[in-house]
Amino acid sequence: MHMDDQVTQLARQLLDSGLASLSEREQRVIALIAKRSQVARNVNHVLEEQQTFGERLADRVAQLGGSWAFIGTFTAMLVAWVVVNTVVLARFGGAFDPYPYIFLNLILSMVAALQAPVILMSQNRQAARDRLAASLDYEINLKAEVEIMALHEKMDRIRLESVEETLRGLTAKFDETNAFLRAHFHVRRNSELVS
């Protein structure tokens, strides 16, 4: 099947079934193309519009928990806890969490128990962000394909008009030449007949 036939068949199919046969995303892209609007949207802005307070908080906690500043601060706090309970308070006999550091282990377990689900929520948000980015990329690609097809159609129309113009010019020259030759042969024939 020739490319023009495929395009014609697709156009007829779209005209017969209407937009109802297209997905919601494809309908949105077709509407934006018809309005000559921009399809590209910033993923971060779209996500910010949809984000709840809890999701923003989860992202901030995951961002903080995965930073070198957090690791450094947390390590410094652990070292300080150990030094205070082992060296400073042990000399005065008042260490509130002596050597196996049972209270410290309890606090670390609680932090880990709270931090793990928050990090998982943030990872789920990142997966949702990736899916949204892929969806927006699809819309952009779909519009680009439609625009490229329209440009190809326009270029084909321009070429066809150029070829038709050239053919009209050649036909006019052929007609002029033919008329000239007929007139020339007609004059020559008449002069031969007269002589």
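Let's start at phenylalanine 96, which counts as exposed at 52% relative accessibility. Here, exposed means over 50% relative accessible area, buried means under 20%, and partly exposed is in between (1.4 Å probe, protein chains only). Phenylalanine 96 sits in the loop between α5 and α6; helices are DSSP runs of H or I with at least four residues, strands are runs of E with at least two, and both are numbered from the N terminus.

Before going further, a word on what you're looking at. This is a predicted model, where local features need pLDDT of at least 70 and side-chain atom pairs count only at pLDDT 80 or more, while totals for chains, interfaces and linings use all residues. Residues are numbered from 1 along each chain as its sequence is written, and side-chain values use heavy atoms, with hydrogens and water left out.

As for confidence, pLDDT is the predictor's own score for each residue, from 0 to 100. The chain has a mean of 83, with 84% of its residues at 70 or more. Helix α1 (residues 3-17) has the lowest confidence, at a mean of 66, and α5 the highest, at 89. Where pLDDT is low, the predicted coordinates should not be read in detail.

Back to phenylalanine 96. Leaving aside residues up to four places away in sequence, it touches Trp81, Asn85, Leu89 and Phe103, where contact means heavy atoms within 4.5 Å. Trp81, Phe96 and Phe103 form one aromatic cluster.

Four aromatic pairs turn up in the structure. Rings of Phe, Tyr and Trp (its six-membered ring) pair if their centres lie within 6.5 Å; planes under 30 degrees apart are stacked, over 60 edge-to-face, and the rest tilted. The rings of tyrosine 99 and tyrosine 101 have centres 5.8 Å apart and planes at 80 degrees, so this pair is edge-to-face. Tyrosine 99 is exposed, at 66% relative accessible area, whereas tyrosine 101 is buried, at 12%.

Tyrosine 101 lies in the loop between α5 (68-92) and α6 (102-194). Its phi is positive, about 50 degrees, although it is not a glycine. Most residues other than glycine have a negative phi.

Finally, the largest nonpolar core has six residues: Val43, Val46, Leu47, Leu132, Ala133 and Leu136. Two or more residues come from each of α3 (43-50) and α6. Such a core is a set of buried Ala, Val, Leu, Ile, Met, Phe, Trp, Tyr and Cys residues joined through side-chain atoms within 4.5 Å.
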